[in-house]
Structure formats: structure tokens, C-alpha cells
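Subject: Structure for you to look at

Hi,

Here is the structure I promised to pass on. Please have it open while you read, and my notes follow below.

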Amino acid sequence: MLTLDRIYQAAHTLKGIVRETDLIRSQGIVPGCDLYLKAENLQITGSFKVRGAYFKISSLSDDEKKKGVIACSAGNHAQGVALAAERAGINATIFIPSVAPISKIEATRRMGANVVLIDGVYDDAYDAAMAYQEENGGVFVHPFDDIDVIAGQGTIGLEILTQLPNLDAVIVPIGGGGLVAGVAFAIKMLNPTCKIYGAEAVGADSMQCSINDKRRACLENLATFADGIAVKTPGVITFDLCEKYVDDIVCVTDDEIATAILTLMEQQKLVAEGAGAVAVAAAMFSKLPLDGKRICAIVSGGNIDVNILSRVINRGLLTTGRLSELTIEMLDKPGQLKEVSTIIADLGANVTKVMHNPGGENTDIIGCYLHISMETRNRNHFLEIKQAIKNAGYLIIED
């Protein structure tokens with residue numbers, strides 16, 4: 001059974017090992033509420049996962065340590081296990097899905113762990129790890145469904161209450177549920193009136209489905225770039241704790257997550273991975289009743305692959321209307337492009353790309369299509385430009 005004493009013991013064990021991460025007051029990310037960000041993206045290894053992994057491994061007996069540890073992970077837990085094993089001087093074999101970011105895989109290898117890549121997602125890596133343990137022995141360090149791991153993650157709840165005692169709610173990312181279970185238990189034990197909200201990706205909503213069905217659900221497919229929370233089935237222990245201590249769970253789309261990542265970078269100078277930004281996305285897109293409340297959103301990790309970061313930024317720009325595109329049907333004659341460009345410039349947008357293509361079989365013989373990409377302030381700015389071009393007599397091709 002998880003106890004508050006166990007979480008306090010974890011906090012004592014982790015003192016001097018992990019960082020007590022900052023609680024940063026946001027600068028207008030979510031109007032109408034007082035939002036603070038728990039910056040676990042600045043934790044050693046770039047994620048909260050090291051807390052649970054380190055406490056679990058520190059709790060092993062000498063005989064257990066001699067056998068080495070086995071783990072499976074989408075990347076962040078792998079780094080936590082690798083670091084803890086390196087500090088303890090024991091062997092670690094870690095199974096990672098091949099879809100995990102290369103940066104997480106290489107960081108795990110650099111810490112001395114034996115990395116085994118498995119085709120598929122986290123759940124496939126879990127099956128491979130369990131088969132390896134059965135054949136070779138060793139202690140399995142579960143990424144979320146383990147009391148000591150959950151206790152380690154629960155130390156974040158203790159820190160939040162110390163840093164902001166009179167908060168109204170905490171928003172926590174959910175994958176397998178270890179983080180939300182630990183944080184919810186710790187905070188509810190010490191401040192029962194504080195609301196605990198979970199946030200998942202729409203394409204990986206296993207915990208929300210489980211809570212709604214009142215039994216653990218298993219998703220057939222996962223569809224999100226937030227690899228750190230892409231889990232088909234929540235844990236047995238974590239599901240039980242979520243049922244008891246989590247007040248509500250909401251889902252956000254990948255576009256909303258991308259927008260949150262972009263916003264954190266621009267406004268807070270914080271780099272978050274997809275899983276790390278879901279709590280902020282839930283607050284930004286009004287998924288929860290937060291008006292007038294003092295809120296903490298946990299930014300759980302910052303290990304985003306640089307190869308995907310540019311795509312995420314681009315998607316965030318498109319979602320917020322900062323990057324806009326128009327296709328205009330017009331006659332191919334002098335002055336047309338100049339007139340359209342003047343309208344756009346006069347309204348304060350910046351043209352970044354222009355493509356001119358001949359018309360199709362259903363257009364005028366001298367017709368053409370003008371495709372324009374531009375930088376705009378927001379969605380309303382784009383709509384203003386679009387209307388001005390229509391008012392000038394041009395036909396805009398709607399998607």
C-alpha cells in the first residue's frame with residue numbers, strides 16, 4: 001500500500017540526488033487564472049522519471065542489486081533507470097520501442113545501460129522486457145505500476161505544496177499513471193480540497209477510458225506524437241489510485257499540444273516535449289474550470305527530439321493562425337499579384353512564399369491559381385486579410 005510516510009522517505013532518499021525544480025509563475029499563458037508551472041523538464045535527465053526510478057533502485061537489497069535491473073520505457077524512464085543503476089554500480093538492461101526519439105535512446109546508452117530496441121510501442125517493449133526477465137532473472141523496474149516508483153513521483157506533490165501551499169488545483173500529465181497517482185495521493189492526503197486533474201492525448205486516452213468504464217481499458221492503437229504518454233493500458237495500482245484521488249481527466253489534441261510547446265518556448269523560455277506539455281495544453285484550451293483559481297500545471301519533461309521540434313513549431317504556428325495559407329483563383333494578367341500583395345502588406349502580414357500555377361480544366365483559359373503563405377498575428381488577423389481579398393473581387397478557394 002502507498003503511504004505518505006513512503007513518499008516522505010522517497011523525498012529524504014532523493015535529497016541531493018534530484019533537483020527541487022522551480023515553480024514558475026506564467027506570464028499570461030492562460031487568462032483568467034493564476035497559473036504556475038512545475039518545471040520538471042529542468043530535472044536531471046530532463047524528466048520527472050528519475051525520481052521514481054532512483055527511489056526504486058535505492059530500495060533494492062544487495063542480493064537484488066547483484067542480479068541487475070530490467071526496465072522498459074519510451075525513453076524518459078530509461079534514462080532515470082540508467083542513471084540510478086550507474087550510481088549504484090549495477091547492470092541495467094532496458095527495452096525501448098524503436099519509435100522513441102533517438103535523443104532519448106542515445107542518452108540512455110551514454111549512461112552505460114544495455115539498450116534493446118523493440119519494434120512497436122511501449123507495450124511491445126514491456127512484453128519483451130518481461131520475457132527477458134523470465135529467462136534471465138533480474139529485478140524489473142516498472143515505469144509506473146510500482147509502489148516505490150509512484151512514491152518517488154509523489155515527491156513532486158510534496159514540493160508543490162511547500163512552494164505553493166494555498167493552490168486550488170494541479171494538472172498532471174497521464175501516460176501509465178505513475179506521476180498522477182503519486183502526486184494525487186500526496187496532495188490529497190495533505191490538502192484534500194485541492195483538485196487533481198489529469199491530462200491525456202486524444203490518441204492515447206487509456207486512463208480516461210478506464211475511469212469511464214470503471215475497469216482498465218486496453219486501446220487497440222495509439223495516435224500521438226507525445227511518445228512519453230503513449231500507453232495502451234494503465235497500471236493496476238495507478239488505475240486504483242486514480243479512481244480514488246483524481247477529480248477529472250481531460251484530453252487534448254496533438255495540435256493543442258504543439259501549440260502549448262510553442263507557447264512555453266516563446267513566453268516562458270521552457271522547452272517541453274509532447275508529454276510534458278499536455279497539462280499546459282489542457283489549461284490553455286479551456287478543458288477545465290480554472291477561472292479565478294490558483295493552478296499548477298506540471299511540465300513533466302523536456303526531452304523532445306530536435307528532428308520533430310521544427311514540425312511541432314510549424315504545427316503550433318498553423319494552429320494559432322501565426323502561419324497562414326491562401327489559394328486564390330484569378331486571371332493571369334499583369335497587376336494581379338501586386339494588388340493581392342499590397343492588400344496583405346497594408347494589413348500588416350508578411351508573405352513568405354508564393355506559388356503560381358495554371359488553372360485546371362474547369363477554370364478560365366487564362367485562369368491561374370495563386371498560393372500564398374504568410375506570417376500573421378493570429379487567426380482573426382488571417383480572417384481580416386481573407387475578407388479584404390474577397391472584397392477586392394478575388395475568389396478564394398476554400399479547403
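A word on terms before the rings: two rings of Phe, Tyr or Trp (its six-membered ring) count as a pair if their centres lie within 6.5 Å, and the pair is called stacked with planes under 30 degrees apart, edge-to-face over 60, and tilted for the rest. By that rule, a search of the whole structure, which is a predicted model, turns up five aromatic pairs.

One of them joins Tyr-122 to Tyr-126, a tilted pair at 6.4 Å centre to centre with 40° between the planes. Both tyrosines belong to helix 6 (residues 122-136), where they sit four residues apart, about one turn of the helix. Buried or exposed, where does Tyr-122 fall? Its relative accessibility is 7%, so Tyr-122 counts as buried. Tyr-126, at 28%, counts as partly exposed.

Tyr-126 has another ring partner: with Phe-140 it forms an edge-to-face pair, 5.7 Å centre to centre and 70° between the planes. Because Tyr-126 lies in helix 6 and Phe-140 in strand 6 (residues 139-140), this pair ties together parts that are 14 residues apart in sequence. Phe-140 is buried, with a relative accessible area of 12%. Taken as a cluster, ring pairs link Tyr-122, Tyr-126, Phe-140 and Phe-144.

Now for the overall picture. The protein has 15 helices and 14 strands, and its C-alpha atoms fill a box of roughly 85 × 45 × 40 Å along the principal axes. Of the 399 residues, 55% are buried. If you count the contacts with a separation of 6 or more, 72% are between residues 24 or more positions apart.

Helix 1 (residues 4-14) packs against helix 7 (residues 147-163) at an angle of about 80°, and their axes are 8 Å apart. An angle from 65 to 115 degrees counts as roughly perpendicular, which means that helix 1 is roughly perpendicular to helix 7. Helix 1 brings Leu-4, Arg-6, Ile-7, Tyr-8, Ala-10, Ala-11 and Leu-14 to the contact, while helix 7 brings Asp-148, Ala-151, Gly-152, Gly-154, Thr-155 and Leu-158. By type, the residues of this contact are eight nonpolar, three polar and two charged.

Four strands in the order 12-13-11-14 make an open sheet with antiparallel pairing. Its edges are strand 12 (350-358) and strand 14 (395-396), each pairing on one side only. Strand 12 and strand 13 (residues 367-375) run antiparallel and are joined by eight bridges; Asn-357, for instance, has Tyr-369 of strand 13 as its bridge partner. Helix 15 (residues 379-391) packs on this sheet and touches strand 11 (323-331), strand 13 and strand 14, with its direction about 5° from that of strand 11.

You will find Glu-40 in the loop between strand 2 (34-39) and helix 2 (49-58). Glu-40 is buried, with a relative accessible area of 0%. What is Glu-40 in contact with, leaving aside its neighbours within four places in sequence? The list is Thr-21, Gly-46, Ser-47, Phe-48, Arg-51, Ile-156, Ile-298, Val-299, Ser-300 and Gly-301.

Key: Residues are numbered from 1 along each chain as its sequence is written. This is a predicted model: local features need pLDDT of at least 70, side-chain atom pairs count only at pLDDT 80 or more; totals for chains, interfaces and linings use all residues. Side-chain values use heavy atoms; hydrogens and water are left out. Axes are lines fitted to C-alpha atoms, for helices over the stretch in contact, and angles run from 0 to 180 degrees between N-to-C directions. Helices (H or I, at least four residues) and strands (E, at least two) are DSSP runs, numbered from the N terminus. Angles under 35 degrees count as roughly parallel, over 145 as roughly antiparallel, 65 to 115 as roughly perpendicular and the rest as oblique. Contact means heavy atoms within 4.5 Å. Ala, Val, Leu, Ile, Met, Phe, Trp, Tyr, Cys and Pro count as nonpolar, Asp, Glu, Lys and Arg as charged, and the others, Gly among them, as polar. Two strands pair if DSSP finds at least two bridges between them. Buried means under 20% relative accessible area, exposed over 50%, partly exposed in between (1.4 Å probe, protein chains only).
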